[in-house]
Amino acid sequence: MIKVALLHFCFEDYTIELANSLVKYVDLTLIHPEKVSDVCTNVLDSRIRVISFKKPRIRDPRNLLSMSTMMNIIKDIQPDVLHVQETNDPWYDWTLLLNKMPPLVTTIHDIFRHPGDKMSVFGSEYTKRIGFYRSQQLIVHTHQLKNILIEQFRIPQERVNVLPHGELGSLYQRRGSQNIQAREPYTLLFFGRILPYKGLKYLLEAMPLIAECIPEVKLIIAGKGENIRQYFPDGYDEERYEIINDFIPLKEVGNLFQRSTATVLPYIEASQSGVAALSYGMGTLVVASEVGGLSEIVQHKKDGLLVPPHDVRALADAIICLLSDRDLQQSMQTAALARCQQDLNWSNIAAQTAQIYHREMNMQNKKY
């Protein structure tokens with residue numbers, strides 16, 4: 001059986017679900033910093049070997065020792081393939097540049113930094129490109145991202161693979177409480193980091209238009225990021241808005257999606273969306289901007305609705321249409337849950353990932 005080391009510094013949810021299915025196909029060791037171990041507790045398959053290492057904050061020079069420890073772990077495992085989830089960590093990027101690595105597969109979740117995202121590490125947008133060129137195979141979640149790598153970064157197309165972002169609902173159902181929340185028929189959810197590219201202001205501008213037709217409409221805004229008060233300079237109606245401007249504990253995330261009839265993604269830029277992946281797995285409908293990778297993730301009028309970005313009226317009309325039509329809701333929910341057993345199913349994604357490993361190993365063997 002092929003021996004794989006799966007290394008991640010972030011994108012924990014994706015890595016957990018990929019690892020849980022990959023272990024059926026490969027001999028798998030998961031490597032990660034100690035600080036992400038808690039997120040992975042009690043949700044990993046017992047067959048996965050897990051190795052943690054100390055990882056200081058980015059500005060700490062002890063990262064040199066941390067990277068040395070990481071490399072020793074990889075050398076001890078002697079994997080046939082090292083699969084890395086995009087790190088956004090310049091220390092790893094320079095380590096990659098300066099060391100001989102096993103055959104390398106890298107999953108790129110976001111090629112560019114999102115507009116207005118001040119949380120990403122200084123310089124990482126440039127150093128992460130080392131991974132683009134040092135990897136024998138790249139995995140992205142949409143054809144749009146593949147085209148960018150081919151056209152703007154001159155990566156040969158045979159090195160870029162498109163695999164969808166698997167559903168995350170089942171993970172959060174395992175993490176959550178056993179008390180199943182009743183679906184609130186007129187509740188919308190805006191979830192995740194609150195940053196300018198997420199387009200929250202367009203949804204807030206649409207809310208009065210929606211309320212004219214559906215007076216019961218309610219919006220939950222849940223996530224860290226910008227100070228939410230800037231959107232409500234005169235305060236807000238607590239019956240219309242439920243605001244949790246903070247990090248949402250993992251065990252409480254599922255309840256927010258379970259309560260909501262639809263998740264709204266009024267983004268003005270997007271590469272892929274874990275929020276959409278979570279919504280589909282929870283049976284929560286999706287209304288999203290037709291921008292970037294979202295137009296590939298959401299199948300318009302089948303399992304969700306797409307609207308032009310920046311278009312407040314179109315966004316309001318789509319939400320009104322969805323909340324007003326129970327039959328449409330039922331058909332879209334059925335289609336979304338069906339996709340969780342098809343292209344968004346982790347076992348299918350893991351099988352395709354294993355094929356990429358085997359293909360790369362065959363290519364390596366031909367070289368020698």
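Me: Before we look at the tyrosines, what does buried mean here?
Reply: Happy to start there. This is a predicted model, and a residue in it counts as buried when its relative accessible area is under 20%. By that cut-off Tyr-197 is buried, and the other residue that comes out as buried is Tyr-267.

Me: How many aromatic pairs does the whole structure hold, and what is the geometry of Tyr-197 with Tyr-267?
Reply: A search of the whole structure gives 8 aromatic pairs. In the pair of Tyr-197 and Tyr-267, the centres are 6.0 Å apart and the planes make an angle of 65°. Planes over 60 degrees apart count as edge-to-face, so the 8 pairs include this one as edge-to-face.

Me: Which parts of the chain does that pair link, and how many residues apart are they?
Reply: Tyr-197 belongs to the loop between strand 8 and helix 9. Tyr-267 sits in the loop between strand 11 and helix 11. The pair therefore links distant parts of the chain, with a separation of 70 residues.

Me: Why is the pair of Phe-232 and Tyr-241 edge-to-face?
Reply: Phe-232 and Tyr-241 are both buried. Their ring centres lie 5.1 Å apart. Their planes stand at 65°, so the pair is edge-to-face.

Me: Where does helix 9 bend?
Reply: Helix 9 covers residues 200-213 and reaches 21 Å, close to the 20 Å expected. A proline, Pro-208, follows the bend within four residues. The bend is about 30°, and its place is Met-207.

Conventions:
Residues numbered from 1 in each chain as written. Predicted model: local features only at pLDDT ≥ 70, side-chain atom pairs only at ≥ 80, totals over all residues. Heavy atoms only, no water. Helix = DSSP H or I, 4+ residues; strand = E, 2+ residues; numbered from the N terminus. Expected span 1.5 Å × (residues − 1). Bend = angle between axes of the 7 residues up to and from the residue. Phe/Tyr/Trp six-rings, centres within 6.5 Å; stacked < 30°, edge-to-face > 60°. Buried < 20%, exposed > 50% of the residue type's maximum accessible area, 1.4 Å probe, protein only.
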